[in-house]
Amino acid sequence: MRRLAIGGRIDRSQQIEFTFDGRAITGFRGDTLASALLANGVRLVGRSFKYHRPRGIYSAGPEEPNALVTLGTGGRREPNRAATTVELAEGLVAESQNRWPSLNFDAQGINGLFAPFLSAGFYYKTFMGPTRRAWMFYEHFIRKAAGLGRAGEEPDPDRYDVRHLFADVAVVGSGPAGLSAALAAGGAGARVVLIEQDFAPGGSLLSDPADAESVAWLSGMFARLAEMPNVSLMTRTTAFGAYDGNVLGLVERHGSGTADPKQGQARQTLLLLRAKSIVYASGALERPLTFANNDRPGIMLASAARVYLNRFAVLAGTRVVVATDNDSAYRAAFDLAAAGAEVTIADGRAEPIHELLEQARRRGIAVRTKSRIANALGSRSVRAVTLSEPGGPATVKCDLVAVSGGWSATVHLTSHLGVKPVYREDMRTFVPGKLGAGLFVAGAVTGGFTRGGSIEEGHRAGAEASAFCGIAKSVQQPVGLELTEIDAGSHDNSLSASLRSAPLPHFVRAHDGSHTVCPEHHRPDRSEERWFANRTRAGDEKGAKFAAGKAFADLQMDVTTQDIALAHREGYESVEHLKRYTTLGMGTDQGKTSNFHALSAMAGLRSMAVPEVGTTTFRPPYTPVAIGALAGRSIGHHYKPIRRTPMHDWHVANGAEMLEGGLWMRPWFYRASGRDVNEAYVAEMRLVREAAGLMDISTLGKIDVQGSDAAEFLDRVYVNAFAKLPVGRARYGIMLRDDGVVFDDGTTSRLGERHFFMTTSTAKAADVMSRLEFLLDTAWPDLRVSVTSVTDEWAAMSVAGPNSRDILAAAFPDLDISNEALPHMGLLEEKYRDRRLRIIRLSFSGEWAYEIYVGASLGTEVWCRLMEAGAPFGLKPYGVEALGTLRIEKGHVAGPEIDGRTTLDDLGLGRMVGKRSGYVGEVLGRRAAFSDPTRPRLVGLRGVEPGRQLHAGAILFRPGEPMQGHGLGRITSATYSPTLDVWVGLGLLARESAVEGAEIVAAYPITGQTVRARVVSPIFLDPKGERLHG
Amino acid sequence: MLRIECPCCGPRDHDEFRYGGDASANRPAYDDPDFEAWYRYVFVRENPAGLHREYWQHVIGCRQWLVVERDTRSHAIASILFARETRA
């Protein structure tokens, strides 16, 4: 393994320093982490998932199953990154994974000896069988031994962005087909986004020798595309998912030249690309071969060996065995031989085409036909292979094995929307199924593996895609590569069509002017599939004896051919079962290299054809996406919007402990009231009961209802009548859902004959608003009513307590707030500094109280005015905790009781309806099931054990009854009552047990406490309402 | 990701909308006392594999309730009307 002195697409003038397991290594600009490791002789890069077997670099792209590393340190630590997709950057810190104490000496390699216990279905059997108890003991060791990299525990210091992007035509993949599609669509005038996951565009062309014709073609294409301002090329950008409405999920990694982003730069950007049309030119991935010890370092895909050689100028071995079942690997063999390697080709086929053999002979390559690898020798690095041949086994020494088991079209994105891929028998690959309108495919993803065909197809797809967007203009097709050599200057469609449909070998001119075979298409046969199936069967028969020579179907998940046979034997035959039983394809690589062979093996075992067995479901993401990128900037306090009331800053400045309720921030309690919430709320309750408290209620939903039918509308949406409500009065109202369950409650006041002011609970404000709009738009469009949310327009506060009238009078000395002018449930509409001021006398706490509404911008001013005027009367602010407990004493229901399950009768509010009809929820609210005696009923609960706390959520039982199941009901709200010096609560208790005076046991399973309580009226305080009316 | 062409605001992402259920269910008149009719309206639903008429409200926009005809198999949207127009 060494770096060649010349060649490749690396910049030797720019050295890049990085570390691997602490060792300082130098690479070049243009390297991937994998190529730089190979160039420096690093062959062993990790240990495998289950058996801790030594693993090396297997591929040169996103399909990499083995070379997973952890990048970065501290909060930037990112595990399980494929070294083959990591662009080398200055200061990169990479670490091997799943090894202890070191990569070279791994103590858990011994897991391999326990292999029989770690076979398919291991976890299932352990959980389900008699070994379940033992699991408790050894789970810890297993969990520690198996697995991949470990994430960091510190927060990620980097920023991630989210962008929305729009295009006429999106092209996925910048190989020959993609470039050609982008040129056609861009030339026609469409807005084109060309997406490439690599940091260099060019796709498969990048693996050609740097002096080849394809290089000239590539630079010509880049030059033409660069002239088009309507075409943007996005490199380092993976299209990881296809979604409805032609939306592609993209993640862009920012290449800043350093391992970590620079100041102010995002590490990654998530893009949602909405395209009118999409061309998928996603190419194909090479498949491996299956043989004993096929996971040894030094074994890699033939295409990868060629990429390392031609793109990165790394000769991955000097004695190479190229094992193949198709023509494509000959390309790698020829290039490796040209670079000076000693190459042997083991071709599993009986008769490779003559031209290929001839070419190989001329290059001094020995070709062995009907020859396939049976076993690889060597442990931390391959040193020889045993070939199985008609004349008996043969051993060939080597330091690199380049394998090719055919090609699989990259059908992931085209399958994400549920379009099942279909099998193309002639090319032995699944290809995209029938796609929806505006979606096109071109190139190797169609199963056609010729470059000329790809360019032609890309051009046509690009033109069709732009035409689909209504942009049709004929564009000159780019001059093809091999195509021109076959029939110079001609773009005869029938010729190219025949090339696509019958991918026979064709000739290109070599540099010496002679013709040479271009083995780019794979001319597959089925020998590998048959052999794999046979081997799987053999494994089945021989059982554990195979342990000495595991043949891996899935390298990343350590799934062997034996595991597949076991799954088959135990009845897990469907591919979806096979996947879950053996974990095949469930690694971070999602089985990109392994799935096809495993499906074929299962097909073989079941004596079925591959398409009958089918594929597992392809789901996004195509390659792993960092959670940070998906979260974008929606982290920490940006996770959701925050709503602040107009008086928010005052609360914070005056020692309020704030509490999130939905999106709102509300004062929970004020620190001046007590050391903690338990102390504070009791003090704040006393304050309201004995003097007066001021509470910010701006969060209530506020809806302005206007129109000639406004009263009729309210009569229909509330269970109680509003039509006869006099102007200047307010009324408490309850709404039901259509199914008769209580929806929300609130107070609505009448400002004029056709004008009402509705309030809703904080939690249901948006739902109520939307529901009112729904009814007006869909059910009763004949009603002349308009509803407008005015929640944010009004600041609202409540002054409650025996001193509240004196405080209001002191704050607004010009207003007449006498009992006559402003009775209970009365409304005053006045002005404050030329702005509207609404005062409604109503009470939630049971005390004499007023709600004061003023324009949001005057909220703090009016609040401060009340605080100032109220000071001599003992006025202090109180928070939601006290608000919630004051109403318990008064028996007012709120969110914990109106929980989407309770009816009017459950809550004891049935009397509000009277004999009315024609309101929402009426008919279904009279369902027989709602009068069942086991339905709950709102009750008061009074603790009978002094000092012992009642807990909301406690389950209610009859004394002496076994405490099991859901009991007879539950406590919904509970508080210590300073007025009564006892714990009280509201509860929902089965009607038949809701007898006042009965004793009940409240069990609180979270702390294991049981407390006795007595069933009482839910109104603990002032049942006659004398405090309200004075 | 659905894109809904709001007749008022133009094409918008579905996360600007609130789903409102089956629009083919017939809501009885507000004073209709027929239990069966309400029962069917609230609880009985077709589950078509194909075109489905459904309500969507453009909550982060014009706040209009719309009737959208959506294919449940492909999410393709066939038509979009203001709910008020369908009732006129």
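UniProt positions are given here in the numbering used for this structure, and an annotation may be inferred rather than shown by experiment. With that understood, an unreviewed UniProt entry places the annotation "domain: SoxA A3" on residues 549-633 of chain A. In this predicted model, the end C-alpha atoms of residues 549-633 of chain A lie 49 Å apart. The span is 44% helix and 6% strand.

Chain A as a whole is divided into domain 1 (2-96), domain 2 (159-287 + 407-507), domain 3 (289-404), domain 4 (525-627), domain 5 (696-878) and domain 6 (926-1029). Two of these parts meet: 18 residues of domain 2 of chain A are in contact with 15 residues of domain 4 of chain A. On the domain 2 side, β12 (237-243), β13 (247-253) and α9 (412-415) of chain A each supply at least two residues. The most comes from β12(A), which gives 4 residues to the side of domain 2 of chain A that touches domain 4 of chain A. By type, the residues of that side of domain 2 divide into 9 nonpolar, 8 polar and 1 charged.

Q268(A) is found in strand β14 (residues 266-280) of chain A. A residue counts as buried if 20 or more other C-beta atoms lie within 10 Å of its own. Q268(A) has 22 other C-beta atoms within 10 Å and is therefore buried. Setting aside residues up to four places away in sequence, Q268(A) touches Y160(A), V251(A), E252(A), R253(A), H254(A), A626(A) and A629(A). Q268(A) and G628(A) are 360 residues apart in sequence, yet their C-alpha atoms are 8.4 Å apart in space.

The next element to consider is helix α5 of chain A, residues 213-226. Within α5(A), the residues S214(A), W217(A), L218(A), M221(A) and L225(A) are buried. Viewed down the axis of α5(A), the buried residues fall within an arc of 100°, so they line one face of the helix. An α-helix has 3.6 residues a turn, so residues three or four places apart point the same way. On the other side of α5(A), the residues A216(A), S219(A), A223(A) and A226(A) are exposed. The buried residues of α5(A) pack against α4 (176-188) and β11 (231-234) of chain A.

Chain B has 88 residues, of which 17% count as buried. There are 2 helices and 6 strands in chain B, and along the sequence they follow the pattern β-β-β-α-β-β-β-α. The C-alpha trace of chain B spans about 40 × 30 × 20 Å along its principal axes. Of the contacts in chain B with a separation of 6 or more, 46% are accounted for by residues 24 or more positions apart.

Finally, the two chains meet: 20 residues of chain A are in contact with 24 residues of chain B. On the chain A side, α22 (765-779) and α26 (922-925) of chain A each supply at least two residues. Helix α22(A) gives the most to the side of chain A that touches chain B, with 6 residues. The residues of that side of chain A divide into 8 nonpolar, 6 polar and 6 charged.

Technical notes: Residues numbered from 1 in each chain as written. Chains lettered and ligands numbered in written order. Predicted model: local features only at pLDDT ≥ 70, side-chain atom pairs only at ≥ 80, totals over all residues. Buried ≥ 20, exposed ≤ 12 C-beta atoms within 10 Å, placed from the backbone. Arc of directions from axis to C-beta. Contact = placed C-beta atoms within 7 Å. Nonpolar A, V, L, I, M, F, W, Y, C, P; charged D, E, K, R; others polar. Domains from an automatic or database assignment.
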